[in-house]
Amino acid sequence: MTATAATEGRTPLVRVSNVSKRFGGITAVNDVSFDVYPGEILGLIGPNGCGKTTLFNCVLGQYRSDSGTVTVGDTEVTNWMPHRRAKYGLARTFQLLQVFDSMTVRDNLMTAAQPHISTIAGQLFKSPNLSLDDPVDAVLNRFRLGHLADEYAANLSFGQKKLLDTAMAFMSTPEVVFLDEPAGGVNPGMLGDLEGRIRELNTEQGVTFAIVEHNMEFIFGLASRVIVMAEGSILMEGTPAEERADPRVVKVYLGA
Amino acid sequence: MSGRDQIVDDRDLTRAKSEDRGVLSPLLIAGLTLAMAFLVWFPIGRSEFTPVMWLWVLVLAGVVAANLLIPRASRNGTAVRIMSTVCFVAFLIVFPFGRANSTLTDFGLYAVFSVCVIGMNLMFGYAGQVSIAQAAFLGIGAYTSVLLDTGREIEAFGIVINLPDLPFLLTVVIAIAVAMLFSILIGMAGLRVRGPWLAFVTLAFNVLVYIVFNNEVGITNGSRGIIVRRQDLEVLGIDMTPLQNYYYLCLAFLVLTMIIVWWIVRSPWGRSFKAIRDNSQRASSLGIDVRTYTLLAFAIGSGLAGGAGALYARLLEYIEPRSFFLGQSFDFLFATVIGGLGTLVGPLIGTSFITIISDSLRVLGDWYRFWFGLLAIVVLIVAPRGIAGSFNLLRARIAAKRRGS
């Protein structure tokens, strides 16, 4: 893949090489390669059905790709189960809200954190909260969910669920977080808040992000590098400024 | 299954927490202690239906009312929960004491089947995996225990083997281990599929196990069954010949199971199970090993049924393949659902339907099965989320109404 000026000479954190995924006769992702560099916010845009989410699913292990490899650092994770990739530092959210409705906000965050601090056997004999109260409180405060800690997730509003959903991805102190449409259905006021959270985590804690998004203003304001996909392949890669000007991107996506 | 209603309930309770000052606690504890004193004090029943029964009904009504009216997340609530559990166990200890063997058998079956239903609830109610093979594991446990502690001679594939005569408690442990082993083997293949398909796989396994019990005459004595007397059975120095002594062994097993499952459910495992039930894709993306956890729930649930099977054989002093066929599995499933999925008390309520309540209806004559079916339908229409689940909903409504006034 062609490296832009910003990424030249750096070692990628996640390297995706020649990944393809077919469903029956449809090729959803066709020989896609890209890198995620440490500390960056990478945007991934493209029209509906261009394979962004399928690509995420291949990288995170929800789907097994038909060909190609996914490497994290020096370790190839192509055939790993999703939970193993999660433990290795890859966290994600899904396009549709996925929180555990029958649990409180606090328990949702505990559930997200507990696989990363203790073995399965060890969990049975430790106290139920696994001394996770402090990290959970920290995330609750960061995402302004503190007043809802003992509320059941099913009772939250859409926006609050969205915050919880995103917050859960950070409970494992991940290296890379893959967000699938974090701004989808979020009102403008909260959008700024969400953008602030992401930027904060990126600069203060050095969390790397890869974000699929339809909201152009949101992603162009946030990302340092944006990949444009169309029909299962990568159309171009560059800085937000370059892409705004590129006629191909305007044609397939921004709408002419 | 996630239960929005349950959630409404607990939100009310959280609010109630701040209002509650705990002044009721001493009164409550005194009241419930008095109720329990009644239970122990009265020389209960030479015959089955006595005026004393009405006292039991009063105490039951008291316990239900206390649970209904007092918010759970308060000091009073905690007192109520502890006292209710103690009352319940006290009832199971005191009530069958000195009663006829038929009553003792009924209560023994209640204890043994409760363990099976608790196991099924762990798989279905908490981890969300439907298994309809609980009777097969009950049977595996029963045959394992009977074959290993009677010194029988069996013939398999033309070879005659003399089986050992192991101590009873050891065979209970082996029965649990064997049931777990089978469940892991079945689970490794079966848990690749979910929902109704998993139910079909386990259903087929139940049929398979029944056929083996029925056809391997050399080992299981086929459809004629095996008679296993308690005559020379001694556990920890106590003679198990009287049914009453054996009943208390079954009860001890039930109480132990309740404690173990309570421990599992409140540990991080409980959260992982619920996470897998609510959304397994999300659970795995957060690092929860879905396959291992579902296998664990399956193995523990089936292992409990195996242990229950070992006790079941000596309780009835007779086992036959028919007792472990699909009908029994569906009874367990029915008890799990009617009691309340994913609740700790649910199985204890549900099992009374398939043992004590269905047996008491025998006084209605030949049509008692019909009336039982009708009762079941009515209960499921009135309380669609099981009795425990609907009870929680009712409690929330009452709490909301009181706050409103």
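The expected span of a helix is 1.5 Å times one less than its number of residues, and helices (H or I, at least four residues) and strands (E, at least two) are DSSP runs numbered from the N terminus. The model is predicted, so that local features need pLDDT of at least 70 and side-chain atom pairs count only at pLDDT 80 or more, while totals for chains, interfaces and linings use all residues. Residues are numbered from 1 along each chain as its sequence is written, and chains are lettered from A and ligands numbered from 1 in the order in which they are written.

**Exercise 1.** Compare the reach of helix α13 of chain B with its expected span, and state how far the helix is covered.

Step 1: α13(B) runs over residues 290-316, which gives 27 residues.
Step 2: From first C-alpha to last, α13(B) reaches 39 Å, close to the 39 Å expected.
Step 3: A residue is buried if 20 or more other C-beta atoms, placed from the backbone, lie within 10 Å of its own, exposed if 12 or fewer, and partly exposed in between. In α13(B), 24 of the 27 residues are buried, and the helix is mostly covered.
Step 4: Just after the helix, B:E317 takes a positive phi of about 60°.

**Exercise 2.** Decide whether A:A138 is buried, exposed or partly exposed.

Step 1: Locate A:A138 in helix α5 of chain A, residues 133-142.
Step 2: Count 13 other C-beta atoms within 10 Å, because of which A:A138 is partly exposed.

**Exercise 3.** Describe how α6(B) and α8(B) pack.

Step 1: Helix α6 (residues 134-148) and helix α8 (residues 195-215), both of chain B, pack at about 30° with their axes 9 Å apart.
Step 2: The two helices are therefore roughly parallel to each other, a term for angles under 35 degrees.
Step 3: The residues that make the contact include B:G139 and B:Y143 of α6(B), together with B:F205 and B:N206 of α8(B); two residues are in contact if their C-beta atoms lie within 7 Å.
Step 4: By class, this contact has seven nonpolar, two polar and no charged residues, where Ala, Val, Leu, Ile, Met, Phe, Trp, Tyr, Cys and Pro count as nonpolar, Asp, Glu, Lys and Arg as charged, and the others, Gly among them, as polar.

**Exercise 4.** Find which helix gives the largest share of the side of chain B that touches chain A.

Step 1: The contact takes 28 residues from chain B and 32 from chain A.
Step 2: On the chain B side, α11(B) supplies the largest share, seven residues.

Conventions: Axes fitted to C-alpha atoms, helices over the stretch in contact; angles between N-to-C directions. Parallel < 35°, antiparallel > 145°, perpendicular 65-115°, else oblique.
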